[in-house]
Amino acid sequence: EAATDLEEVRRLNDIARSCARVPAHGARTFPEAVQSLWLAHVLTCGEDTINANSIGRLDQLLYPYYAADIAAGTLTRDEAGEWMEELAIKLYLDYDVQAITLGGQLVDGSDATNDLTYIILDATANVGFVRDLSVRLHSQSPQKLISHCSELVVQGGGIPYFFNDDSFVPALVERGIRETDARNYAPIGCIELTIPGRANPHAVSGWLNSTKCLELALFDGSDPQTGEQLGPHTGMLTDFTTFDKFYTAYLDQVRHFTQSMVYYCNRGELAQREAGPLPCWSALTDDCIARGRDITDGGAVYNYHSVCFLGTANTADSLYAVKRLVFDEKQISPRDLLQALLYDFPEERMRQCLLNGAPKYGNDNELVDCWAARITEDFIDIMDRACSPTGARYFVHLFSFLFNIDFGALTGATPDGRRAGEPLAYSLSAHQGRDQLGVTAFLRSLSHLPHHRAAGATAAIIDLDPKLVKGEDGIVRMGQLIRTAMGMGIGQLQFNVTTEEQLRQAQEDPEHFGNIPVRVAGYSQMFKLLTQELQEHVIARTKHTRD
């Protein structure tokens with residue numbers, strides 16, 4: 001009533017009519033569908049806070065409305081792009097884990113890419129700020145999609161990031177998800193997988209620090225920093241006559257803490273049920289109404305926990321160093337190694353021997369890469385046997401989020417040459433600075449891991465020097481890296497395109513140079529908004545200059 005401009009009157013009337021209709025009476029047009037999705041998102045966030053609430057497969061949800069409006073001549077492609085830009089602005093948060101997923105497969109296994117997929121990618125580029133955007137790829141994904149994504153990646157900021165249907169669909173199916181539902185998976189926030197509208201995934205329900213378990217296996221279950229008996233008595237390193245016996249002690253520590261983790265996860269599940277229902281989530285989740293049970297009480301079609309396995313690179317590097325330098329070649333005595341670890345390497349010579357005397361994960365060396373694979377396989381085997389009070393299974397995330405820093409601070413010096421308190425490696429990435437033979441060597445190491453069994457998803461960040469992906473040839477090279485990685489069975493990849501010099505400049509003068517978006521740990525953020533500890537962690541990662 002107050003508006004004087006006729007165009008503004010029309011716009012406000014359109015908004016009023018749309019909000020009066022949706023979501024109660026269903027959307028009829030593309031604008032109504034976007035409005036309905038936004039209101040539903042506000043409602044669910046109001047019930048469960050902004051807690052990594054996935055928007056889901058946006059190009060699949062909205063495409064039928066887009067196609068119908070385009071066919072009717074009531075919507076143009078540019079107008080659809082403007083709607084997607086406006087939605088991105090409405091969703092904007094400094095720390096954004098409201099995940100949007102594009103591409104992937106349809107329920108029959110065919111490619112799901114459509115015109116709206118590209119419109120949303122373009123809208124993401126046009127708004128120019130960090131968005132939580134992932135793209136699902138598979139063996140039949142069109143080259144056009146990979147090229148389009150590559151153009152966006154080389155601009156920096158780690159967006160989009162990539163999920164491999166050929167790895168995760170089989171992982172989900174193997175753990176009881178119907179194949180047609182598995183093909184509809186979407187990440188929740190960082191990398192955690194759900195089946196939209198049909199699952200309660202209890203994402204990031206628990207954490208297992210494998211490197212701490214290794215430390216305890218060296219010291220008979222006792223924390224060498226505090227003297228506290230944290231784990232079971234499994235013997236000192238000096239007690240073991242073979243490496244196999246030492247590895248058995250490591251697995252005994254893992255089993256012990258896994259049992260505790262599952263106990264607390266199960267307690268959390270019961271506490272959530274007792275704390276009160278989530279009626280909105282339940283109404284929007286199959287089969288809660290049909291079963292008459294809230295989503296917190298096992299009402300969803302799929303009910304599972306997802307737990308994180310941390311320290312893969314450090315544990316593998318440490319195990320192989322102990323095997324080779326202590327048991328096989330006997331360059332270091334068990335007693336001397338324990339003394340060095342207990343006092344955080346008082347002699348640098350010992351640390352250098354551990355650093356350089358055995359190959360490290362991330363450099364395409366099967367001798368150590370096979371240990372990264374073995375420890376993850378063993379953990380997945382253990383978790384496959386666990387269940388919750390409602391019969392929920394346990395899926396595995398090979399993912400650390402930011403806790404590689406926090407858990408590293410609680411872990412003493414380790415046989416890979418890492419000093420006490422230093423961060424652990426991020427997720428499945430190599431330890432900072434150790435992947436020195438190029439990005440393709442790192443991809444080959446990464447491909448040894450059992451991505452096809454990690455139904456909670458996997459994660460790795462690759463940092464690239466801008467020179468490697470500069471110009472048209474660089475975009476082609478970026479696309480080749482992505483396509484090759486997916487073909488090797490790697491589950492998930494995130495990319496940073498930046499240099500140490502740029503990041504140091506941003507650190508020293510954040511006002512003028514700090515607006516560099518970087519991939520941090522399953523999410524992207526402006527560099528100047530990170531803590532100094534996180535900034536140093538990002539800077540320390542290898543910036544690959546060659547493939």
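Which helices each supply at least two residues of the lining of the second largest pocket? They are helix H1 (6-21), helix H2 (30-48) and helix H4 (77-91). The model is predicted. This briefing covers that pocket, one serine, the aromatic pairs and some backbone features.

**Second largest pocket**

- The volume of the second largest pocket is about 830 Å³.
- Its lining consists of 23 residues. Nearest the centre lie Asp-14, Ile-15, Pro-31, Trp-83 and Glu-86.
- H1 gives the most to this lining, with seven residues.
- Sorted by class, the lining of the second largest pocket holds 12 charged, seven nonpolar and four polar residues.

- Ser-445 sits in helix H18, which spans residues 439-446.
- Ser-445 counts as buried because its relative accessibility is 0%, and the cut-off for buried is under 20%.
- The side chain of Ser-445 makes a polar contact with the side chain of Asp-369 at 2.8 Å.
- The Ser-445 side chain also reaches the backbone nitrogen of Asn-363, at 3.2 Å.
- Leaving aside neighbours within four places in sequence, Ser-445 is in contact with Tyr-361, Gly-362, Asn-363, Asp-364, Asn-365 and Asp-369.

**Aromatic pairs**

- The count comes to 23 aromatic pairs.
- The rings of Tyr-92 and Phe-129 form an edge-to-face pair, because their planes stand at 65 degrees and the cut-off is over 60. Their centres are 4.8 Å apart.
- This pair links distant parts of the chain, 37 residues apart. Tyr-92 is in the loop between H4 and strand E2 (100-103). Phe-129 is in the loop between helix H5 (115-127) and strand E3 (133-137).
- Tyr-92 is partly exposed, with a relative accessible area of 36%. Phe-129 is partly exposed too, at 21%.
- Phe-309 and Phe-379 form a stacked pair, with 4.6 Å centre to centre and 25 degrees between the planes.
- Phe-309 lies in strand E9 (residues 302-310) and Phe-379 in helix H16 (residues 366-384), so this pair ties together parts that are 70 residues apart in sequence.
- Phe-309 is buried, at 1% relative accessibility. Phe-379 is buried as well, with a relative accessible area of 1%.
- Ring pairs also link a cluster made up of Phe-240, Phe-243, Phe-246, Tyr-247, Tyr-250, Phe-327 and Trp-371.

**Backbone features**

- Most residues other than glycine have a negative phi, and most peptide bonds are trans.
- The peptide bond from Val-22 to Pro-23 is cis, with omega near 0 degrees. Pro-23 is in the loop between H1 and H2.
- Asp-286 and Asp-287 are joined by a cis peptide bond, with omega about 0 degrees. Asp-287 lies in the loop between helix H11 (279-283) and helix H12 (288-291).
- Asp-364 has a positive phi, near 60 degrees. It is placed in the loop between helix H15 (348-356) and H16. At 31% relative accessibility, Asp-364 is partly exposed. Asp-364 is also one of the contacts of Ser-445.
- Ala-457 has a positive phi as well, near 100 degrees. Ala-457 lies in strand E11 (residues 457-458). It is buried, with a relative accessible area of 0%.

Definitions and conventions
Residues numbered from 1 in each chain as written. Predicted model: local features only at pLDDT ≥ 70, side-chain atom pairs only at ≥ 80, totals over all residues. Heavy atoms only, no water. Helix = DSSP H or I, 4+ residues; strand = E, 2+ residues; numbered from the N terminus. Buried < 20%, exposed > 50% of the residue type's maximum accessible area, 1.4 Å probe, protein only. Polar contact = N/O pair within 3.5 Å; in protein donor to acceptor, adjacent residues only side chain to side chain. Contact = heavy atoms within 4.5 Å. 1 Å grid on protein atoms, 1.4 Å probe; cavity = no way out; pocket = protein on both sides within 12 Å on 5 of 7 lines; lining within 4 Å. Points joined across faces, edges and corners; volume = space filled by probe spheres on them. Nonpolar A, V, L, I, M, F, W, Y, C, P; charged D, E, K, R; others polar. Phe/Tyr/Trp six-rings, centres within 6.5 Å; stacked < 30°, edge-to-face > 60°.
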